[in-house]
Every structure is written in C-alpha cells, then in structure tokens.
Amino acid sequence: MADAARSVLRQALAECGITDYEEIDLLDPATDVELQGWGSPTILVNGKDVTGKSSGDAIGCRVYRGQDRVPDRGTISAVVRAEIAAQRG
C-alpha cells in the first residue's frame with residue numbers, strides 16, 4: 001500500500017504545484033517517538049493526518065476506504081491547498 005500512497009500523494013502534490021515531500025521510516029530508531037505512533041501509510045500535512053485521524057500508540061498498518069485503500073487524491077489536495085491558504089493568511 002505504501003507505493004499506492006506515494007503515487008496518489010505525488011499526484012495530489014503536483015496539482016498543488018509541490019514537487020517534494022518528506023518520507024519517514026517508522027522503523028528507523030532515529031525517527032521521533034511521536035511519529036512512530038502513526039500507522040503506515042499515513043500522510044501528514046504539517047503534522048496533521050489528511051483524513052483527520054489521530055496517531056496510535058504503536059507502529060501498525062492503516063487501511064482506508066476506497067479502491068486503492070489509501071487516502072484519495074482529492075482529500076490530499078484539499079488539505080494541502082487549505083494549508084497553503086492558511087500560511088498565506
């Protein structure tokens with residue numbers, strides 16, 4: 001599912017004019033403990049899950065509704081656009 005999430009994320013970011021993002025390895029011991037509670041795949045925009053969910057207390061898998069079982073492109077794009085607008089104030 002991670003590959004499907006990456007693909008949808010790249011499409012959504014491209015729609016918003018963004019070409020890069022940070023990918024975090026939850027299994028890397030150097031990863032902040034607060035990030036390790038998010039399941040995989042999770043897409044965060046400025047620390048907030050694009051689907052409005054909260055983190056758990058352990059590493060795990062996440063499955064979403066929909067065809068690819070990952071957050072949909074429209075949801076991701078909307079959250080990114082809202083964050084861009086909020087930053088512009």
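**Salt bridges and a buried serine**

Okay, let's start with Arg-73, which counts as partly exposed at 37% relative accessibility. Quick note on the words: buried means under 20% relative accessible area, exposed means over 50%, and partly exposed is in between, with a 1.4 Å probe and protein chains only.

Before I go on, this is a predicted model, where local features need pLDDT of at least 70, side-chain atom pairs count only at pLDDT 80 or more, and totals for chains, interfaces and linings use all residues. Residues are numbered from 1 along each chain as its sequence is written, and side-chain values use heavy atoms, leaving out hydrogens and water.

So, what does Arg-73 meet in a salt bridge? Its partner is Glu-15, with 2.5 Å from N to O. Glu-15 sits in helix α1 and Arg-73 in helix α2, so this pair ties together parts that are 58 residues apart in sequence. Helices here are DSSP runs of H or I with at least four residues, strands are runs of E with at least two, and both are numbered from the N terminus. A salt bridge, by the way, is a side-chain nitrogen of Lys or Arg within 4 Å of a carboxyl oxygen of Asp or Glu. Glu-15 is partly exposed, with a relative accessible area of 37%.

Glu-15 has another partner: its side chain makes a polar contact of 2.9 Å with that of Ser-77. That term means a pair of N or O atoms within 3.5 Å; within protein, one must be able to donate a hydrogen and the other to accept it, and residues adjacent in sequence count only if both atoms are side-chain atoms. Ser-77 lies in helix α2, residues 73-88. Is Ser-77 buried or exposed? Buried, with a relative accessible area of 2%. Leaving aside residues up to four places away in sequence, Ser-77 touches Ala-12, Glu-15 and Cys-16, where contact means heavy atoms within 4.5 Å.

How many salt bridges turn up in the whole structure? The search finds 4. Asp-3, Arg-6 and Glu-23 are linked in a network of them. Asp-3 pairs with Arg-6, closest N and O atoms 2.6 Å apart. Both lie in helix α1, residues 2-15, and they're 3 residues apart, about one turn of the helix. Arg-6 also bridges to Glu-23, at 2.7 Å between the closest N and O atoms. That pair links distant parts of the chain, since Arg-6 is in helix α1 and Glu-23 is in the loop between α1 and β1 (44-45), 17 residues apart.
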